[in-house]
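Trainee: I have a new model open and would like to walk through it with you. Could we take it step by step?

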Amino acid sequence: MASPSSRPQARRSALRFIGLAVLSVAIAGCTPRTQRAVEPIQPQPAQPISRLPPGETLNRVAVLVPLTGPAAQVGQSILNAANLALADTGVERIRIMSYDTGPGAAQAASTAIAQGAGLILGPLLGEDVRLVAPIAAAADVPVISFSNDVSVAGDGVYLMGLNPAQSVDRVVNYARGQGASRFAALVPSSLYGSRVSDSMRVTVGAARGEFVGTQSYDRSATALRESAATLRRLGPFDAVLLADGTRTAVQAAPLVRGDNRNLRILGTELWAAEANGGGNAQLRGAWYAAASDTLFNQLRTRYRARYNRDPVRLASLGYDATLLAIRIAANWPLGRPFPEGELRDRQGFVGVDGAFRFGRDGVAERALEVRQLTANGFTVVSPAPTGFN
């Protein structure tokens, strides 16, 4: 692990190996015959009040995740990965404190801050981030969330989650470079679908392609079939984005393809969490963008050895966020506010999910690879960049 003195170079390396002075005032004695003016003692700045409990020797970092309720398995896996990151570094700079957002994210945040947390990792859901953000801001505590809901970012809130717009941008630009010029999208009738559609329109325009149009569908076989037929009538297109999981994409692909056997199917980052989408011939050859699995596979091995089970894919966010906190904690004075400005280093950082950096909006910009689905899984057709210019 790099030392604090080599931080500029360490930014590029993997993150895994990472009172008041007492014044003595001498007042000269006065002789009976001579009076001497005594200079007034200048007031000294008040000693900053530590946010930590008495006797604490490490800065505290709160991990806010669901440990009860329907998302408990995901939350526990993220927390386990955070603790694994702490163990992997072997450096005692922070103390991880876990808080369950199942009963309520606001209460979890309030308790964490009351117990001295100077940084919050989490929550997982955008709706919980909205509850935590004002509580954290009032205490000058930054939040590094695992959400990908860009509407909650900014004002001290940073998002580690993969933004779907970045996945769309990466795969569309790759397809454009391979000769596709006319694009369309089939998206679910949801907030996710709406955001993907908007991103598609902007990205295709910026890539100097033509966006033929988009169609949304409710989650029923009939609605999917009707929306696909409407999309085909909008005109010919070279590539179509299916903004859903592979189970739905398998049904949608032949509907939008029709007689166009050369149509290129594009997917989103959702496909990265699903096993062997290319096992169905309808999606074989499709492209999608995702974070590299190379370092995550190594994390999986260590995680399995420690916890006797596999981590969820999102566990990498907990691991990388903790390593980031450990790295910056080298310049975090005990009991003082977290040095938030260091999160915005434009050189970025490298973690289990590859290179990333936070933009001015607080959203993590990620270096993604482009994959092509095969009968046995996928192949990488365009590797992820190793850093940022």
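Predicted model: local features only at pLDDT ≥ 70, side-chain atom pairs only at ≥ 80, totals over all residues.

Trainee: Let's begin with helix H6. Which of the residues in H6 are buried?

Mentor: H6 runs over residues 191-206, so look for positions in that range that fall under 20% relative accessible area. An α-helix has 3.6 residues a turn, so residues three or four places apart point the same way. The buried residues of H6 are Gly-193, Val-196, Ser-197, Ser-199, Met-200, Thr-203 and Val-204.

Trainee: How many degrees of arc do they cover around the axis?

Mentor: The buried residues in question are Gly-193, Val-196, Ser-197, Ser-199, Met-200, Thr-203 and Val-204. They sit on the same side of H6, because the arc they cover around the axis is only 170 degrees.

Trainee: And which residues are exposed on the other side of H6?

Mentor: The buried residues of H6 are covered by elements that include helix H5 (164-177), strand E6 (182-188), strand E7 (210-217) and strand E8 (239-242). On the other side of H6, the exposed residues are Leu-191, Val-202 and Ala-206.

Trainee: What length does H6 reach from its first C-alpha to its last?

Mentor: H6 has 16 residues, and at 1.5 Å a residue the expected span is 22 Å. The model comes close to that, with a reach of 23 Å.

Trainee: Now for helix H9. Which elements do the buried residues of H9 pack against?

Mentor: The buried residues of H9 are Phe-296, Leu-299, Tyr-303 and Tyr-307. They cover an arc of only 55 degrees around the axis, which puts them on the same side of H9. The face turned away from that buried side carries the exposed residues Thr-294 and Ala-305. The buried residues of H9 pack against helix H2 (72-89) and H10.

Trainee: Is the peptide bond from Gly-122 to Pro-123 cis or trans?

Mentor: Pro-123 lies in the loop between strand E3 (117-121) and helix H4 (126-138). The omega from Gly-122 to Pro-123 is near -5 degrees, and the bond is cis.

Trainee: Let's turn to Val-370. What distance separates the C-alpha atoms of Val-370 and Ser-167?

Mentor: Val-370 is found in strand E14 (residues 369-374) and counts as buried at 0% relative accessibility. Not counting residues up to four places away in sequence, Val-370 touches residues including Arg-170, Tyr-174, Trp-287 and Val-381. Val-370 and Ser-167 are 203 residues apart along the chain, yet their C-alpha atoms are separated by 9.0 Å.

Trainee: Is Ile-113 buried or exposed, and which residues is it in contact with?

Mentor: Ile-113 has its place in helix H3 (residues 105-114). Ile-113 counts as buried because its 17% relative accessibility is under the 20% cut-off. Ile-113 and Ala-139 are 26 residues apart in sequence and 7.5 Å apart in space, C-alpha to C-alpha. Leaving aside neighbours within four places in sequence, the contacts of Ile-113 are Ile-120, Ile-135, Ala-136, Ala-139 and Val-141.

Trainee: Which residues does Asn-163 touch?

Mentor: Asn-163 is found in the loop between strand E5 (157-159) and H5. Asn-163 is buried, with a relative accessible area of 14%. Not counting residues up to four places away in sequence, Asn-163 touches Asn-148, Val-150 and Val-363.

Trainee: Last one: which residues lie nearest the centre of the largest pocket?

Mentor: The largest pocket holds about 520 Å³ of space. Its lining divides into 11 nonpolar, 5 polar and 4 charged residues. Of the 20 residues that line the largest pocket, those nearest its centre are Leu-162, Glu-269, Arg-313, Leu-314 and Leu-317.

Definitions and conventions. Residues numbered from 1 in each chain as written. Heavy atoms only, no water. 1 Å grid on protein atoms, 1.4 Å probe; cavity = no way out; pocket = protein on both sides within 12 Å on 5 of 7 lines; lining within 4 Å. Points joined across faces, edges and corners; volume = space filled by probe spheres on them. Nonpolar A, V, L, I, M, F, W, Y, C, P; charged D, E, K, R; others polar. Helix = DSSP H or I, 4+ residues; strand = E, 2+ residues; numbered from the N terminus. Expected span 1.5 Å × (residues − 1). Buried < 20%, exposed > 50% of the residue type's maximum accessible area, 1.4 Å probe, protein only. Arc of directions from axis to C-beta. Contact = heavy atoms within 4.5 Å.
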